[in-house]
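Welcome! Have a look at the structure first.

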Amino acid sequence: MNTENIQKDREAESIVLQRLYQDFQEEMRRIEEEQQKILLDMINRKQDHE
Amino acid sequence: MNNFEEELTHPSQENRTLSEIERETKEHPREKEESPENRRETKMEEAFAEAQEQFGQESEAVLQNMRSASKSVAKTNEKLAGDAGAIPGEAGDKLRERIRALQEKVSQTWSRWSRDTAAFAKVALLAGAPVFLPQYDAVEADKSVRGYEQTDKKEETFEEMRDRAKRELSEQGITSEQKNAYIPLISKTLQRGIEPIVDFSKSDIGNIADKVVEFVPNLVRGKKYDESVYESQMKEMMQSEDAFALYLGLPQQHETFGISDYQPAMSKEKKYYFKLNGYFGNSPEEQKKRIHQLLFSIDMNSSPENPNEASLFENHTLTNHTISKGEDEKGHYISYYDRWDFEYPLEGKQGFFGKPFEVYDRMYYDPKTFEPIPDKSERSIGSDNGRGK
């Protein structure tokens with residue numbers, strides 16, 4: 001192993017970490033979209049009620 | 001050269017005067033660092049330490065970002081739930097149900113991804129200096145988000161939970177609870193690399209050494225069981241593979257396990273148990289022989305303090321499990337219990353790379369003839385203690 005390999009390992013680990021984070025963000029984005037839909041539905045309900 | 005001559009030629013540190021040591025140090029300052037080889041080693045050590053530190057910081061930052069994002073989304077949910085409370089009727093109920101489901105999703109997402117990230121970081125650092133991460137062992141139990149999950153989780157009765165688990169196992173080969181054990185990259189790597197079968201002719205160390213030697217070739221080629229060697233054990237091997245798969249959060253492939261209708265009376269938690277299909281035999285004749293055999297084992301191997309229970313070393317799937325006999329208003333029955341885990345260094349104290357699961361089932365019988373008696377009632381909680389090994 002040399003310092004170049006250490007650096008390559010580091011980069012590979014970083015890519016995996018970023019990938020995990022991206023996947024997480026994607027899940028969160030879907031949740032936020034659903035929240036927006038619920039909010040719109042609630043606004044519509046309130047307007048109907050009024 | 002005797003010791004005395006050796007001491008004269010190369011005096012030990014203790015026998016040299018301070019001035020001698022000082023002079024030597026002055027004459028050969030940083031002698032070790034001067035050699036090109038040592039310089040390269042030092043440089044590598046520094047690079048490695050730096051890489052480890054960077055990785056530690058990066059993992060920590062990712063986890064912190066995940067935690068903040070989860071809290072923020074959970075907060076929005078709380079606000080939505082508050083607003084939805086003011087909407088009357090069926091429409092309001094539907095909205096509240098959607099919000100509740102979303103809350104569940106937030107909690108699951110946080111739990112799952114933070115666990116995966118922490119697990120990956122831990123594995124990546126295993127090869128190097130363990131510079132950080134003990135604090136992340138408890139990452140799953142982060143109260144700030146998981147407390148939220150607990151309060152909003154829909155309550156299931158035991159029967160509902162059991163029936164759902166049966167459905168999931170039949171349709172997907174795994175239950176929701178076991179699925180949580182899945183870790184991207186790691187679970188499938190372990191499944192591909194490790195043969196979960198244990199060779200009883202070898203010591204624990206012998207088995208561990210074998211697993212390590214097999215691991216890399218298995219990763220490259222995939223596992224290949226030699227049927228001519230293991231002919232009589234192929235069924236048990238497939239069963240062990242299924243057990244290992246469930247442990248890792250992956251679906252079983254050979255329908256080895258089902259969900260038991262029963263749970264032991266000593267079980268304080270409301271939970272379902274897996275059962276090993278065919279444990280008691282597949283036909284009434286086989287079952288009769290099996291019941292007889294198990295009762296005989298209990299009589300032979302139980303202790304005077306606990307005459308209704310014994311340990312049984314039997315097959316590769318359950319290895320050392322507990323068998324018990326009991327009686328309730330329905331009649332006499334015999335039961336077995338095991339906690340399936342993987343007792344190698346791969347597993348941390350909490351089963352870090354997988355999720356141990358419990359196996360329990362029972363069968364009623366006629367104590368005079370040992371004939372099995374099918375249980376058609378809905379009752380499902382026994383009077384045996386169902387303790388593990």
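**Exercise 1: a charged patch**

Glu45(B), Glu46(B), Glu50(B) and Glu53(B) come together on the surface as a patch of negative charge. This is a predicted model, in which local features need pLDDT of at least 70, side-chain atom pairs count only at pLDDT 80 or more, and totals for chains, interfaces and linings use all residues. Residues are numbered from 1 along each chain as its sequence is written, chains are lettered from A and ligands numbered from 1 in the order in which they are written, and side-chain values use heavy atoms, without hydrogens and water.

Task: Find where Glu45(B) is located, and decide whether Glu45(B) is buried or exposed.

Solution. Step one: Glu45(B) belongs to helix α4 (residues 36-84) of chain B. Step two: recall the cut-offs, with buried under 20% relative accessible area, exposed over 50% and partly exposed in between (1.4 Å probe, protein chains only). Step three: the relative accessible area of Glu45(B) is 53%, so Glu45(B) is exposed.

**Exercise 2: a bridge between chains**

Task: Describe the salt bridge of Arg98(B) and Asp41(A).

Solution. Step one: a salt bridge needs a side-chain nitrogen of Lys or Arg within 4 Å of a carboxyl oxygen of Asp or Glu. Step two: the side chains of Arg98(B) and Asp41(A) meet at 2.6 Å, N to O. Step three: this pair crosses between chains, with Arg98(B) in helix α5 (residues 89-126) of chain B and Asp41(A) in helix α1 (residues 3-49) of chain A. Step four: Arg98(B) is partly exposed at 28%, and Asp41(A) is partly exposed at 29%.

**Exercise 3: a bridge within one helix**

Task: Which helix holds both Glu168(B) and Arg164(B)?

Solution. Step one: their side chains form a salt bridge of 3.0 Å, N to O. Step two: both lie in helix α7 (residues 158-172) of chain B, four residues apart, about one turn of the helix. Step three: Glu168(B) and Arg164(B) are both buried.

**Exercise 4: aromatic rings**

Task: How many aromatic pairs are there over all chains?

Solution. Step one: rings of Phe, Tyr and Trp (its six-membered ring) pair if their centres lie within 6.5 Å; planes under 30 degrees apart are stacked, over 60 edge-to-face and the rest tilted. Step two: the count is 14 aromatic pairs over all chains. Step three: one of them is Phe257(B) with Phe274(B), edge-to-face at 6.3 Å centre to centre and 80° between the planes. Step four: Phe257(B) and Phe274(B) are both buried.

Methods
Patches are made of residues with over 30% relative accessible area and no salt bridge: like charges are joined within 9 Å, nonpolar side chains (Val, Leu, Ile, Met, Phe, Trp, Tyr) within 5 Å. Accessible areas come from the Shrake-Rupley method with a 1.4 Å probe; for residues, only the protein chains shown count as cover. Lys and Arg count as positive and Asp and Glu as negative; His and the chain ends are not counted. The place of a charge is taken as NZ of Lys, CZ of Arg, CG of Asp or CD of Glu. Helices (H or I, at least four residues) and strands (E, at least two) are DSSP runs, numbered from the N terminus.
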